[in-house]
Amino acid sequence: MKKERTKQKEKRAFENKIPGEGLSRRSFFKYMGAGIATYFVWTDYLASGILTTDEDNFPSSDQLSSWIHLSASGEITVFTGKVEVGQNIRTSLTQVVAEELFLPVSSITLVMGDTQLTPYDRGTYGSLTTPQMAPILRKAAANLREILLQQARQEWKLGEISLDMEQGMIQHPNNGKKLSYGDLAKGKNLLQKMDEDVPTIEPSKWKISGTSVPKINGRDFITGKHRYVSDMVLPEMLYGKVLRPPVQGAKLKRADTDKASSIPGVQVVRDGDFIGVAAKNSRTAAMALASIEADWERSPQVSRNQLFDHLVSSAEEGDAINPQVSRAFEEAAHKIEQDFEVQYIAHVPLEPRAGLAQWTGDKLEVWTGTQRPFGVQEELERAFNLPGEQIRVYMPDTGSGYGGKHTGEAGVEAAILSKATGKPVKVNWTREEEFKWAYFRPAGFIRVKGAASEQGITSWEFHNYNSGGAGIDLPYKGSNKHQEYHRSDTPLRQGSYRALASTANIFAMESTINDLAGKLGADPLQFRLNNLDNDRLEAVIKAAAGEFGWKRTKINENHGFGMACGAVKGGFVATFAEISVHPESRELKIIKAVTSFECGAIINPRHLESQVTGCVLQGLGGALFESVDFKDGDISNAFLSSYRVPRFKDVPDMRVKLVNRKDLPSSGAGEAPIVCIAPAIRNAIDDAVGVKINRLPMLPSGIVPKG
Amino acid sequence: MRINVNDREYAVEVDGNPSLLEVLREQLDLTGTKYGCGEAACGACKVLINGTPTPSCITPATAAQGKNIITIEGLEKEGELHPVQKVLMEEDVFQCSYCAPGMILTAVALLENRQQLSEQEIIEGMNGNICRCCTYPKIVSALSKITHKDKA
């Protein structure tokens, strides 16, 4: 049902954007230059009715998911709406294309996240690039390969025989002659819709995929040459700043901008409640902004000390509980009822939001670091009441997102300032702005009632208030289950974050499973293996247990072992932790953490390992100490000196064990590996000192409480 | 005012007392030096001033007068990467890489001062730099490769 709604919403979004007629074949090649191209149409996501049926018409860019173009000089250009935020998909997608075309990765260029050049894409989130975009590009590249082979056979007047391809050349079977891909593309305007039936290369035969190809353009990043949006400069560009309320929920009553306007070179822009300044450098813009005297009307805001009561009391009514679930719980000999509290945390992308805008007549160009360039295009359409064709959003490879850059605030602000001043304007958010005016990972309150017998889980009732339904399904056997996400009123602006609510839900779930095993006197590992209903999850648990050496031999009474597992977005993860708690200071020491991860056939082992490591360590921040403090609408730790994120010294002895399943399709890895580190440590603390810490972060003061 | 950056003299404007970070980025177009926090808490803006890694976001440009400033753009010599850059690239350490310039300059200074460094010393020396993608273990193991050997 929900899926259907999303589909319809998407279809509407597409219909609104489709300019009516498809781009013609001629205009496509006029734009791209002569050559051969293959394209893929989003049949999975669009009702077939709105696809063009006229073969002469190239479908409008809104209907495409991707295309690949081969130029007469042999250059391969791949167009995809996905974006690079450090997850290194520019590299993995290039590998996939290179593989099918028997080309080195260096001969392939990816154009990503440019709303004019690349096909519509909903956004780079949800670990969807690898399972969805990679197979499409692989297939498109395989199609191009088959077209080239066909062209070569025609050229040499050969029948349907197989030909060898290598490094951009096709070899004649008898006379040793060679044709380059570029030769075959010369003077051609060949445009072909992708044929689903063209075979792609089996993972067992991969030569480029499955290897650790280094980051594309890696040198530009370590020499400072790469321009993130915050680094970009246009001729005559001004630096913009925007007036913010002192606290969340405050409304502008009055503002005096005379002082700001009197500063030479400063332009003040007012548009309703929007007040911004633009100046020739950021220092002047900041001074001008600081000189504005504004009165604000505050409204009552929920503070952090009321957070969890508020989330529960404002929640929508839940579904009726099946009496069987309740009865099984009442009758059980071994049961647990417990609550979990999960605080808001911030993404803290090291590059804060940045936007650069330039108007040329009624055409708008915006460069911004976002996971959803087409979403930002829609924001701009609404902000300026402009059709999408007049707005081009570019997304240069960006200084990370982690789910925190789904929106385009800085781009919209830059566009408002640029329109008013008639000059290009760049708006770089400060760290404080990023903390206060972006959005957070949702806070959540979770109530669990679980019961088990030697035979397994007999009752399971799970309520998540506010943080979300992702990962809420218990992966263990048992028929008496009630799992529900209750929407609540969130005091702070919230949104996507790596793995969404899976982190919260799996924390509560895996803690409770651990405690149930404890009640039964069972080994937590064995209890899970006995009750799991998931082969792939079992396999990563066993891999991690083997690497970790799960013996649970305690050196002393403050020493403990814990584990957790989870299946999220096609990824399967298990983390095992060994910890000790200092007997006097009660400080936690993570002695060892081992994570095993499986996401099908591995495309780039080194980059996958980085994703897993990054998830585990970022997850460690949320597990132990990260949280957003807020009172009466003020975010009180909106600085990196007061909001702690993991640093070098926080890294425990950690190991990552990747499980490569060449027999299974590849899925994403930027989210799933984050979910197990918190419950693994929580369960290890419980094992060590018998204290169950049912909150995230667990140790805001660094001290393990006494039981 | 004149400042010396990457062995070149530049005339810069210091009206309003801009930070060194602002001057490098906005006047000299040396944008390899990044803004991360504005309060010397993340290391993204670090440059070498007379060889010392210094957060340029809290350093007034005027304080850099008469000193030698090295930014990430000045590390490469005649197309040859600095050994720190080289090893971090070979080991393919970074993800989004926004922290890389500050990390690299901090590591360069760390290695200049010491012939050999233990992993623990690398961790201590680098702790002021944040990598939000958390590539820390790879940075440590890559730097270990060049600090455990005798340097020429």
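Reply: What follows takes the labels one by one and sets each against its rule. Keep in mind that this is a predicted model.

Me: What makes B:E76 and A:R219 a salt bridge?

Reply: The closest N and O atoms of B:E76 and A:R219 are 2.9 Å apart. The rule asks for a Lys or Arg side-chain nitrogen within 4 Å of an Asp or Glu carboxyl oxygen. The pair therefore qualifies as a salt bridge. Across the interface of chain B and chain A, the rule finds eight salt bridges.

Me: Which parts of chain B supply the side that touches chain A?

Reply: Helix 1 (20–27), helix 2 (83–90), helix 3 (100–113), helix 4 (119–126) and helix 5 (136–147) of chain B each give at least two residues. Helix 5 of chain B has the largest share, with five residues. Sorted by class, this side of chain B holds 26 nonpolar, 13 polar and 14 charged residues.

Me: How many residues are in the contact between the chains, and what is the buried area?

Reply: Chain B brings 53 residues and chain A brings 58 residues. The buried area is about 4600 Å², and carbon and sulfur atoms give 53% of that. The interface also has 41 residue pairs in polar contact, with both residues at pLDDT 80 or more.

Me: Why does the salt bridge of A:D397 and A:R90 tie together parts that are apart in sequence?

Reply: First, the label. The N to O distance between the side chains of A:D397 and A:R90 is 2.7 Å, and the cut-off is 4 Å. Next, the places. A:D397 sits in the loop between strand 17 (391–394) and helix 12 of chain A, while A:R90 sits in helix 3 (residues 89–101) of chain A, so the bridge joins parts 307 residues apart in sequence. Over all chains, the structure holds 43 salt bridges.

Me: What makes helix 11 and helix 12 of chain A a crossing pair, and what is its hand?

Reply: The axes of helix 11 (residues 373–384) and helix 12 (residues 409–421) of chain A come within 10 Å and cross at roughly 40°. The crossing is right-handed. From helix 11 of chain A, A:E379, A:L380, A:A383 and A:F384 take part; they meet residues of helix 12 of chain A including A:V412, A:A415 and A:I416. The contact divides into six nonpolar, one polar and three charged residues.

Me: Which residues pack helix 3 of chain B against helix 5 of chain B?

Reply: The two helices pack at about 35°, with axes 12 Å apart. Their crossing is right-handed. Helix 3 of chain B uses B:M103, B:A107 and B:L111, and helix 5 of chain B uses B:Y136, B:I139, B:L143, B:I146 and B:T147. By class, that makes seven nonpolar, one polar and no charged.

Me: How do you know that the bond from A:L696 to A:P697 is cis?

Reply: Its omega is near 0°, and the peptide bond is cis. A:P697 lies in the segment after strand 28 (695–696) of chain A.

Me: What is the phi of B:D29, and where does the residue lie?

Reply: Phi of B:D29 is near 55°, a positive value in a residue other than glycine. B:D29 lies in the loop between helix 1 and strand 3 (46–49) of chain B.

Definitions and conventions:
Residues are numbered from 1 along each chain as its sequence is written. Chains are lettered from A and ligands numbered from 1 in the order in which they are written. This is a predicted model: local features need pLDDT of at least 70, side-chain atom pairs count only at pLDDT 80 or more; totals for chains, interfaces and linings use all residues. Side-chain values use heavy atoms; hydrogens and water are left out. Contact means heavy atoms within 4.5 Å. Buried area is the accessible area (1.4 Å probe) that two parts lose on being put together, summed over both. A polar contact is a pair of N or O atoms within 3.5 Å; within protein, one must be able to donate a hydrogen and the other to accept it, and residues adjacent in sequence count only if both atoms are side-chain atoms. Helices (H or I, at least four residues) and strands (E, at least two) are DSSP runs, numbered from the N terminus. Ala, Val, Leu, Ile, Met, Phe, Trp, Tyr, Cys and Pro count as nonpolar, Asp, Glu, Lys and Arg as charged, and the others, Gly among them, as polar. Axes are lines fitted to C-alpha atoms, for helices over the stretch in contact, and angles run from 0 to 180 degrees between N-to-C directions. A crossing is left-handed if the near helix is turned anticlockwise from the far one by less than a right angle, and right-handed if clockwise.
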